[in-house]
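Here is a short briefing on one predicted model. Read it next to the sequence and coordinates shown below.

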Amino acid sequence: MLQNKIVFICTGNTCRSPMAAALAAQIFSKAEIVSAGVNAWGNQPASRHAITVMEEDGLCLLKHRATLVSDEIIKSAKLVLTMTETHKMILLSDYPGEKTKIFNLGEYAGENVDISDPFGGSLEEYRACAAQIKALLVKAARRLEAEI
């Protein structure tokens, strides 16, 4: 039986997916929330601006360390939500047997959107990214609560 684990996936696991995981943990208390990256360098901290933006929302990413996506992470998840359609396609290629639980967050929320990578951008770009993630999580809330 699968646990109630939701995995958020981006590229390097230092910006989008850690912010999504922190925001989701605030919303979905009955799920285990983790994040990983399809091209993550292990043990990298969250980006400085991601830390700042999450602190503005009362959340802490100081202990976050980047994790490369793995068989164990994907197979133990109840739901995998990617930041872009490209991330989703990578995972579907690598884990075809897990296709029923892999979605782009925008798609899962009922919108046809990707979440742009703010890496290297301004604090305002990170704030906009976090706001987009939060809005999509709110739209996905009813579906997530029903499935988790």
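The charged end of Arg 143 sits over the ring of Phe 103, 5.0 Å from the ring centre. The rule asks for NZ of Lys or CZ of Arg within 6 Å of the ring centre and within 35 degrees of the ring normal. The model is predicted: local features need pLDDT of at least 70, side-chain atom pairs count only at pLDDT 80 or more, and totals for chains, interfaces and linings use all residues. Residues are numbered from 1 along each chain as its sequence is written, and side-chain values use heavy atoms, without hydrogens and water.

**Sheet**
- An open sheet of four strands has the order β2-β1-β3-β4, with parallel pairing; strands are DSSP E runs of at least two residues, and pairing needs at least two DSSP bridges.
- β2 (32-37) and β4 (102-104) are the edge strands, each pairing on one side only.
- Three bridges join β3 (residues 79-82) and β4 in the parallel sense.
- Leu 81 stands opposite Phe 103 in β4.

**Nonpolar core**
- The largest nonpolar core holds 37 residues; Phe 8, Met 19, Met 54, Leu 81 and Ile 133 touch the most other members.
- A core joins buried Ala, Val, Leu, Ile, Met, Phe, Trp, Tyr and Cys residues through side-chain atoms within 4.5 Å; buried means under 20% relative accessible area (1.4 Å probe, protein chains only).
- α6 gives the most to this core, with nine residues; helices are DSSP H or I runs of at least four residues.
- Apart from this core lies another, of 11 residues, including Val 7 and Ile 74.

Notes
Buried means under 20% relative accessible area, exposed over 50%, partly exposed in between (1.4 Å probe, protein chains only).
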